[in-house]
Each structure stands twice: as C-alpha cells, then as structure tokens.
Amino acid sequence: MGPREVGGRVGDAVRRRRWRSARPRCPRVSGARFTAVLPAGAIAAVPPDAAKRLVAQADLLLAGHAVYFGVARDDLVDPDWWHDPKTGRRAPWGYAFDVPYRSEDAVGDIKQIWEPSRHQYLTQLAAAYALTGDERYAERVAAHLRSWWKANPPLRGVHWISGIELGIRLLSWVWIRRLLDGWPGAAGLFEDNPVALRQIWHHQRWLAGFPSRGSSANNHVIAEAAGQLAASCAFDWFPTSARWRDQALRSLDRNLRGNTFLSGLNRELATEYHGLVLELGLAALAEADAAGVPVPATVRVVLLRMTDALAAVVDDRLRPPRQGDADDGHGLVVDGAGTDRWGSLLATGEAVFGALPWWPTVTGTDVRTPLLTALVRPYAETAAPAVRRPSSRPGHFADAGLTILRGPGGIWCRCDGGPHGFLSIAAHAHADALSVEVRHDGVDVLADPGTFCYHGQPEWRRYFRSTLGHNTLELDGEDQSVSGGPFLWTRHARTRVLVAEPAEEGVSRWCAEHDGYRPSTHRRRVELDPATKELTVVDEVRGEGGPRRAVRLAFHLGPAVTAELVGNRAVLSWLGDGEDRSAVLDLPGQLDWRAHRGESGASPGPASGGNPVLGWYSPGFGRKEAATTLVGTGFAEGTREFTTVLRFRG
C-alpha cells in the first residue's frame, strides 16, 4: 500500500469506531417522487421467448425455489436472511464491522448468505410483474423487501460489511422500483415508506464513507460507484444526492479507465469480472442518461472498447475465455434461466454502440437489452468522440498479453502471456502463466478448470489457483507466483510475449516466457496449422548450468472429453453437435504420463506427498465435477524441450 491508501484506511478505521456509538442520522424527506420510469414501449419490446423464460423463472421463485452456487434452496417463500443452507450455520448479530465474515466456522459460507441479499431474484420477480401485470409477483417483492429491511437495520449484521454488496443491492432496488411502477403499492413501498428511505440513505452514506481503495480498487469499486450513481439519480430525494451523484460519476469514470486496458480487456484478467464490470458500467450509464446527467465521454469510450474486446475473444458459441477467478457475479438480472449472458451483453452493445462487420452473430434473445437500451443514449447520438474501432477481428491484445488463435471447425486457442493480475495483490489472478485453453466448436478440449470457491475450503482454493491446476508447466512442485492468502499474491511471475502472429489464413504462431522459476526460464511456443488441424506446444526449460529440476506438465481435459492413455499418446473423444468427435494428443516422451480423475488428496505443492487434488472442473462457482487431467512427471537439467501435439480428426 502507498501512503495515500494507508491514510485512507486509517480514516476508515476511525469512522468505523465512531459509527459504532454514533450512527449517522438520515435526514427527513418529504414529497419524494419516483420519475425514473421506463419509456413507453420498452416492456412491449421484450421478445416473447425471453419473456416466457423470465416468467417461468419467476414462478419457481414464487414457489420458493432457487439455486445459488450449486446449492438448491426451497426456503425462499420466507427466507432467513442470515442463514447459510450449505453449512447450516447462521451469521451472528452485532455491529457490522465486528462480524468475522471470512470465517466459515463463525458465519457459514458468506457467499451463500450474501447472494440472495443482492436482491437480484427480486428484480426478476419485479420484471415478471412488469411483463404480466400479475400482482402476486409485486406482492412477493414487497413482502421480501419489508422483511429484509426489518431484519437488517443499518450497520447491523453481515449485510453491512462489503461495499460491493451494498452497491449491487442499490442497483437492484432502483430497478425493482422502476419495474413495479404502475403497481398501486409501489410508492408506499419506496418513496412514501420511512423505513425504505432510511435504508436507501444509509446504503449511500456507507458507500460514501468506505470506498474500496488502492490495492482493493478492482471490480468492487465499480459496483460501489454504479450503485451509488444509480441511487443518487433515481432516488434523488436527499440533500446530499447531488454530491453523492457527482462523486460516484467521477469514481466510475476514473476506475473504469483504471480497471481497463486500452485494448478494452479488463485488467484483472478474469473474464467473468470483465462481464460484471461491463454490466455495471452499462447499467450506471443508463441511470445517468435517464436522469439527464452529463457523462464524461471517457465512460462511453471505455464501455465501447470493452464490448468490442468481448466480441473479439469469444469462441464460435459466444463463450469467452475461462481465465482467472469467476464467481457467477452479475450486475443487473432481469432474465430467466437459459439466457446467454454473453450474447445478451453483445446484443446490448450492438444497440448502444453498433456492431462491427466482424462481430459474431447473436441469435438469442433477452429481457435486459430492450429495457436497458430504452434508457441509454446510442453512442452515435452523444457528444462522445469518434473512436477508431478494429477493422477486423483482433487476435492479439498486447497490453493484456492475451492471444486467440483460430482454426477450421471452430478450433479456438487462448494463449496467456499477460501480467499476473491487477494491482499489488492481484486478488483474482491464478498462477497460470503461459497456459493454453483449447476448444473445438465450443467444447472444452484442453480446459481451464475454473475457480470453484473463495472462502472456507483452502485446499480447493489453492488447487484451482495453482500452476498444476492449469495447462502449463510446473517446476519443483511450486507455483510460478507466490500466494500470501486466498486473495493475495506476494510475488508475481513476470511474463513477456515474444511472438504473437494469429493468422486468418496459414499457420498461427505464439511464443512467450516467464521468470517465475528463477534462475530457470519457462518458454512456450504454440503453433496452429489450419491445413492439418494440428496444435503444437513446445515447452522449454531454459537454464544453462542450472540445477536439476522436477517437472510436472499438466493438460486438463474438459468434462465432456474422455481419454484413452497408452504410454505418451492419449486418444480423446467427445460429442459435439450430436456427432462423435476425436483428437490425438501426443505427449512428450521424456515424461512419465498418468491420467487423474476426481482425486481429492492433499493440496498441490512440496508438502503434498505426491498425492495432490487432481482431475476436477468447475462449471460455475460452488460446483465441481470430475474430469480427466493428464500429468507428465520427470526432470529437466540445463535447457530441455518438451513437445506436445494435438491433432483434431475429421
């Protein structure tokens, strides 16, 4: 931390101590009115199939059913806002900043407790009311908000600890009020309700008092700014609303730029957070435009670049890379299950910014796009400057160190030669330098295993962040970068890309190296030949006169792929588009190869006794399934090369 951040955190500590005994007082509000309604025709523009999916989801919620991070719940008719169904624990009562929320023993799984209280399931119910006029949805929303407000008074309990939770909750409340407009009880629930007014004011006062700072100014600060901006525009009922709005807009502008490479990719190098930040940024922009608040041109420019970057990196099925941490976080939820998140973002981007000729085609529909874009001014109609956009699909993002190689039949290969995460702590980074991720027509063949968990299961957190947990090379049982905790890296491997030549025709080439295993250097070369459908990966351990080092080279197969390993050759097979697909993976003969699947031993590393966690894939946060991992073991002394060739058949 720098001096400014240290000073800010000292101020936060003083404020927490003062608020313990002297909670800020909400000013009196009279004559509040909600005017941030949807324009005429917005609801009618929702495609029927998207509306059908949403209503089906709302009916499940009305019956009390939902799934959070792999845990099915049937208690949402009358939820206990502090209960974790996964562990059976209940978070303790008390002053918010005294609650040990990182301790699963004391609190339970904090993500299970926090997620329903983002109230994004209530935005789904409110949207179902807006589409159908069925008052059952509105009445359930009202009952749950009143229940939550009663159970969670300001600064008491687990829901007043984290700014990202408050920011997303405020954004949800804005959309709930907007979508309930026309229901006779809407004003009585919000602007004419002293309890609601106090909750809204205290949420905003909290965010103004405890912004994420310095080394923590990642996606959290974007959520805080977006929620604050949305509330101060739509709920502009307080003496400090204008000041909070201006502060939030400045923070959003500054931190969107700070969190985003010039290429448009998110600096955390965690793809799901790219999606979250883009969703939050677009939602915040909608609120400012709807309120007639001038927005810095740089906000629109960054969101434009982020959208173009997303269009550039997705595969043929609109799936982006599975890079870095992922916790299934969303900015605004008004769609039902089965809606493609990434297709929805691209559809919104097309409406706001315009699609370029090389963009992939979006065939799905969603609820969010017509609602959100009814509020956002199209880029061409604003004073934002003309931006030079890519004339063809970019394959290499030099600042992010990300390269996409493409071949026939939907062959897609991501090569990672970028920085180790964002800011000094690199909270959402994995030790995955030089890893590759390969798909065939949207099916994971060589897969990034994902994230699975954050708190409470340290051995699993270590594995899914580890070097062994990625398609790259490990030396001496150590990670390339050094972890200091579940959201902290104390030493970062430095990576540089030497060659990046993604080709629309002919052979694509990529080469990069990192210094995480000094005095040795790990260099990797990748070539994709479209004529033969061959992907060649050459790993080189460079270190003349260096020590003899233990090598482990891992290739993680997707859960749909089966492998028959004989010696150093694996025959891979899977089902794609209803047809049998296959490939041959010729592995380096200098290593001894074994297949691992669903093994739950000790954590990877020197103390693992040779029995690490291996052979897992996490399709989403809180969920994991067995998958095959091929691991080759051996030694390297001085400089040595290991060549792997993946040949797709047919």
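Colleague: Which residues does tyrosine 517 touch, not counting residues up to four places away in sequence?

Modeller: A word on the basis first: this is a predicted model, where local features need pLDDT of at least 70 and side-chain atom pairs count only at pLDDT 80 or more, while totals for chains, interfaces and linings use all residues. Residues are numbered from 1 along each chain as its sequence is written, and side-chain values use heavy atoms, with hydrogens and water left out. Taking contact as heavy atoms within 4.5 Å, tyrosine 517 touches Thr467, Leu473, Glu474, Leu475, Glu478, Asp479, Gln480 and Arg549.

Colleague: Is tyrosine 517 buried or exposed?

Modeller: Tyrosine 517 sits in the loop between β12 (508-514) and β13 (521-529); strands here are DSSP runs (E, at least two residues), helices likewise (H or I, at least four), numbered from the N terminus. Its relative accessible area is 4%, and the classes are buried under 20%, exposed over 50% and partly exposed in between, with a 1.4 Å probe and protein chains only. So tyrosine 517 is buried.

Colleague: Good, now the helices: which residues of α7 does α6 meet?

Modeller: Helix α6 (residues 135-151) packs against helix α7 (residues 163-179) at about 145°, with the axes 13 Å apart. Axes are lines fitted to C-alpha atoms, for helices over the stretch in contact, and angles run from 0 to 180 degrees between N-to-C directions. From α6, Val141, Leu145, Trp148 and Trp149 take part, and their partners in α7 are Arg169, Trp173 and Ile176.

Colleague: How many residues of α7 are buried?

Modeller: Helix α7 is largely enclosed by the rest of the structure.

Colleague: Which strands does helix α13 lie across?

Modeller: An open sheet of five strands runs in the order β3-β4-β5-β6-β7 with antiparallel pairing, where two strands pair if DSSP finds at least two bridges between them. Helix α13 (residues 297-313) runs at about 40° to β4. The strands that α13 lies across are β3, β4 and β5 (411-416).

Colleague: Last one: which residue in β4 is the bridge partner of histidine 396?

Modeller: β3 and β4 (residues 402-407) pair in the antiparallel sense over two bridges. The partner of histidine 396 in β4 is threonine 403.
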